[in-house]
Amino acid sequence: MIKATHLSKRYGPKMALYDVNFSIGRGEVAGFLGPNGAGKSTTMNLLCGYLEPTWGTVEIAGIDMALHPLEARRHIGYLPEIPPLYMDMTVAEQLLFACDLRNLPQRGGARRDYIDSLCRRTELLDVRDRLIRNLSKGYRQRVAVTQLLVGSPEILILDEPTVGLDPRQIREFRDLLAQLAQEHTIILSSHILSEIRSSCSRILVFREGELIADGEPERLQEELSGRRILLAEVQGGVEAAAQALAAIPGVLSITAEGEGGERRFQIAHRPGADIRGAVYEALKPLPCTLLTLRPQEVSLESLYLEITRRKEEP
């Protein structure tokens, strides 16, 4: 759905973006991660056709943005960091205005029904006739997202969509995003690690105008550390369990936490292999009980710091 090739943008002597390459498939939810000024918003503006690249190309659904910009933009709904809303309009008026901008053919009652269907989808029916200036920040953000859906674009691009929202509003926005992800390809930018982790299955890490990492958090963690961690909680026979776990092929190291008859083992093993079955078989004949067995969740904080540290090293 989206392909960026050697994408670069220069502002005078400053390179805001340099030689960025990636592609995003249909139905993916990708997160642009990086500190302020890393190049996330510039990349989004280039993808939407709002800016022209200094060099490089953007393709949207196979359409070259430079050659056919209007046709390419029909596939995109874009939400900038500051939502483009008119405070003196009602919610319905704002969405009707968006319909005019999209040149939708519906008129009269058909268009009102269409607006109601959009508001129902984003839970705005109760406020459709209220002035936008009288809505909370969370509801304004919902109006902005609803505006994106006018014309049913396949691609939604959202730049820092949760800035300024309180924790409850952020949670509600995440729920809305999860619903939209079932029908749209989504790009979400943030400098907040937890936001990307909760909403996206793939991350693209930017630093100083460069794309320095791209992939699923788990895969990036494996590439950086060369290992995966499996957590096993065992009750009874802890010494025998430790010896049996250490003997499993592919296990690199074993660490244990806990006291008495229970231990929480951290089993570091080579990536690319699933050793959960081997762990179960190794412990089955021993006088112990396997209470839990699960992979260790990737810490995006550690991952991001490690990626940026390595890229800065000479």
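Two strands are taken as paired if DSSP finds at least two bridges between them; strands (E, at least two residues) and helices (H or I, at least four) are DSSP runs, numbered from the N terminus. The model is predicted: local features need pLDDT of at least 70 and side-chain atom pairs count only at pLDDT 80 or more, while totals for chains, interfaces and linings use all residues. Residues are numbered from 1 along each chain as its sequence is written, and side-chain values use heavy atoms, with hydrogens and water left out.

Select residues 228–235 and 262–269, which are strands β11 and β13; eight bridges join them in an antiparallel arrangement. Leucine 230 stands opposite isoleucine 267 of β13.

Within β13, alanine 268 is the bridge partner of serine 253, and arginine 264 that of glutamate 257. Four residues separate β12 from β13 in a hairpin, and glycine 258 in its turn has a positive phi of about 120°.

Now display the whole open sheet, whose four strands follow the order β12-β13-β11-β14 with antiparallel pairing. Its edge strands, each pairing on one side only, are β12 and β14 (289–295). From one strand to the next, the twist averages 20°; angles run from 0 to 180 degrees between N-to-C directions, and axes are lines fitted to C-alpha atoms, for helices over the stretch in contact.

Next, show helix α10 (residues 276–283), which packs on this sheet and touches β11, β13 and β14 (contact means heavy atoms within 4.5 Å); its direction makes about 170° with that of β14. Helix α9 (residues 238–246) lies across β11, β12 and β13, at about 10° to β13.

**Second stop: the sheet with β4 and β5**

Another open sheet has four strands in the order β2-β1-β4-β5, paired antiparallel. The edge strands here are β2 (14–24) and β5 (63–64). Select residues 55–60, strand β4, which two bridges join to β5; glutamate 59 stands opposite aspartate 64 in β5.

**Last stop: the largest pocket**

A pocket is an open set of points on a 1 Å grid over the protein atoms alone, where a 1.4 Å probe fits, with protein on both sides within 12 Å along at least five of seven lines; lining residues have an atom within 4 Å of a point. The largest one has a volume of about 910 Å³, a volume being the space filled by probe spheres set on the points, which are joined across faces, edges and corners. Select Arg73, Ile76, Tyr78, Leu101 and Arg102, the closest to its centre among 25 lining residues. Helix α3 gives the most to this lining, with four residues.
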